[in-house]
Amino acid sequence: MRERLQGYADRGVFRGFAEAPARGGRHRFKFLWLTATPFVLSYVPTTGAFVFRDLLPNVPARSPVGVALRCFVGSRTGRDLPEHRRIDPRRAAVRGYVRGGAFSVALTAERNHHGYGVHRAVNLIHEIFVQLHTYFPEYMWENFDASQE
């Protein structure tokens, strides 16, 4: 798993990739990627959980952005998606949730599918940001100082 994340850093996808010392069996990785704000990915090898906690700030649960994001994340296991974009529910479960006004994403890979899990988690986060840029550009302007062009 660590090697797969390092592979993204080696290819220049992530910048400033670092791993914090593990605590309680939980590994934390920090890196810059799609925004100027660092991403924090938590990984628990015993459960296969990959969590981007507080991925997106200022997302009230019942707001249009919060509802749309939860629906979007939930739709990623749909058989109508091409295989390269779909999260296979036999290999991983995924959910998006709002807690404390921040949107988080959790993907839990089945046993022996943790490599698949990290790859799908990274692709999912990228797709979320594409969705935000497309359908909620105001959110990106206000929270990530994204270009208005």
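This is a predicted model: local features need pLDDT of at least 70, side-chain atom pairs count only at pLDDT 80 or more; totals for chains, interfaces and linings use all residues.

Me: Which pattern does the chain follow along the sequence?

Reply: Helices (H or I, at least four residues) and strands (E, at least two) are DSSP runs, numbered from the N terminus. The chain has four helices and six strands, arranged as α-β-β-β-β-α-β-β-α-α.

Me: What radius of gyration does the chain have?

Reply: The radius is taken over C-alpha atoms, and the globule rule is 2.2 Å times the number of residues to the power 0.38. For 149 residues, a compact globule would have a value near 15 Å; the chain has 15 Å, which agrees. The C-alpha trace spans about 40 × 35 × 30 Å along its principal axes.

Me: What percentage of the residues count as buried?

Reply: Buried means under 20% relative accessible area, exposed over 50%, and partly exposed in between (1.4 Å probe, protein chains only). Of the 149 residues, 46% count as buried.

Me: How many aromatic pairs are there?

Reply: Rings of Phe, Tyr and Trp (its six-membered ring) pair if their centres lie within 6.5 Å; planes under 30 degrees apart count as stacked, over 60 as edge-to-face and the rest as tilted. The count comes to 14 aromatic pairs. One of them joins Phe 14 and Trp 33, edge-to-face, at 5.4 Å centre to centre and 70° between the planes. Phe 14 lies in the loop between helix H1 (2-10) and strand S1 (15-23), and Trp 33 in the loop between strand S2 (26-32) and strand S3 (39-44), so the pair ties together parts that are 19 residues apart in sequence. Phe 14 counts as buried because its relative accessibility is 3%; Trp 33, at 11%, also counts as buried.

Me: Is His 114 buried or exposed?

Reply: His 114, in helix H3 (residues 114-135), is buried, with a relative accessible area of 16%. Taking contact as heavy atoms within 4.5 Å, and not counting residues up to four places away in sequence, His 114 touches Met 1, Tyr 43, Pro 45, Gly 48, Phe 50 and Ala 109.

Note on methods. Residues are numbered from 1 along each chain as its sequence is written. Side-chain values use heavy atoms; hydrogens and water are left out.
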